Amino acid sequence: MKSTNAITKDVILSLAGVLGLLSIVWFSLAHIFSLSIVVVLTGSMAPGLPTGSAIVVEQGVPAADLLVGDIVTVPRPGYELPVTHRVVSIDDIAGDVTARSLTLQGDANATVDRTPYSVQTVQRAVMGLPTLGYVIRTLQSPLFTGAATLLIALAIVWAFWPPSAKRVVATAGPRRESIDSSTER
């Protein structure tokens with residue numbers, strides 16, 4: 001019969017294994033299908049994608065493949081962060097068959113964005129997951145990363161720590177008796 005300590009170790013190692021497997025699956029799918037995650041930082045796409053949502057996006061989608069109604073993430077000239085809004089119109093750009101001029105609008109905005117975005121490729125939303133963005137941002141914070149690293153290191157040390165001397169003697173006792181009884185014969 002396993003002790004509580006052994007069961008706890010098994011549970012922790014199993015959870016770590018499941019998290020590791022999920023990470024491998026996500027990274028494999030992300031690589032194969034050119035996926036990444038964008039976190040919504042403003043309320044411009046509410047109510048469908050409120051602040052703190054995570055959007056799984058397909059990277060490098062040719063502008064020529066876009067349709068009105070797609071949600072895209074594009075660079076914003078003059079800003080560090082990109083914009084994620086819905087496509088409301090698509091126009092060709094003279095002289096460049098691969099580029100398009102996109103007029104975008106946030107679902108919560110009353111008007112379209114001030115200027116169109118000239119792009120050749122975009123990140124197109126595949127699915128949105130409300131509130132998951134908060135979790136992702138927390139997981140990426142230096143405080144969480146440091147704490148998680150410390151906890152994982154402690155869990156690994158604890159899981160592989162040698163058993164106490166008292167337990168070793170108790171388990172070695174019957175073996176010693178069987179060895180002693182064989183020498184007496």
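Modeller: Helices (H or I, at least four residues) and strands (E, at least two) are DSSP runs, numbered from the N terminus. Leu35, for instance, lies in strand β1, residues 35-39. This is a predicted model, where local features need pLDDT of at least 70, side-chain atom pairs count only at pLDDT 80 or more, and totals for chains, interfaces and linings use all residues. Residues are numbered from 1 along each chain as its sequence is written, and side-chain values use heavy atoms, with hydrogens and water left out.

Colleague: How many helices and strands are in the protein chain?

Modeller: The protein chain has four helices and seven strands. Along the sequence, their pattern is α-β-β-β-β-β-β-β-α-α-α.

Colleague: Is Leu35 buried or exposed?

Modeller: Start with the cut-offs. Buried means under 20% relative accessible area, exposed over 50%, and partly exposed in between, with a 1.4 Å probe and protein chains only. Leu35 has a relative accessible area of 17%, so Leu35 is buried. Across the protein chain, 24% of the 185 residues count as buried.

Colleague: Which residues is Leu35 in contact with, leaving aside neighbours within four places in sequence?

Modeller: Contact means heavy atoms within 4.5 Å. Leu35 is in contact with Trp26, Leu29, Ala30, Val56, Val57, Glu58, Gln59 and Val126, leaving aside its neighbours within four places in sequence. Take Gln59. Leu35 and Gln59 are 24 residues apart along the chain, and their C-alpha atoms are separated by 5.9 Å.

Colleague: Where is Met45 found?

Modeller: Met45 sits in the loop between β1 and β2 (54-62). Its relative accessible area is 1%, so Met45 is buried. Not counting residues up to four places away in sequence, Met45 touches Ile71, Thr84, His85, Arg86, Gln105, Gly106 and Asp107. The C-alpha atoms of Met45 and Arg86 are separated by 8.2 Å.

Colleague: Which residues make up the largest nonpolar core?

Modeller: First, the term. A nonpolar core is a set of buried Ala, Val, Leu, Ile, Met, Phe, Trp, Tyr and Cys residues joined through side-chain atoms within 4.5 Å. The largest here has twelve residues: Val61, Ala63, Leu66, Val72, Val74, Val83, Val87, Leu102, Leu104, Tyr117, Val119 and Val122. Strands β3 (71-74), β4 (83-93), β5 (96-105) and β6 (117-119) each give two or more residues to this core. A second, separate core has seven residues, including Val38, Leu49, Val57 and Ile71.

Colleague: At what angle do the axes of α2 and α3 cross?

Modeller: Axes are lines fitted to C-alpha atoms, for helices over the stretch in contact, and angles run from 0 to 180 degrees between N-to-C directions. The axes of α2 (residues 132-140) and α3 (residues 142-160) cross at roughly 65 degrees and come within 5 Å. Angles under 35 degrees count as roughly parallel, over 145 as roughly antiparallel, 65 to 115 as roughly perpendicular and the rest as oblique. Helices α2 and α3 are therefore roughly perpendicular to each other. Thr138, Leu139 and Gln140 of α2 make the contact with Pro142, Phe144 and Thr145 of α3.

Colleague: Which peptide bond is cis?

Modeller: Most residues other than glycine have a negative phi, and most peptide bonds are trans. The bond from Ala46 to Pro47 is cis, with omega near 0 degrees. Pro47 is in the loop between β1 and β2.

Colleague: What is the phi of Ser34?

Modeller: Phi of Ser34 is near 55 degrees, a positive value in a residue other than glycine. Ser34 is in the loop between α1 (4-33) and β1. Thr131 also has a positive phi, near 65 degrees.
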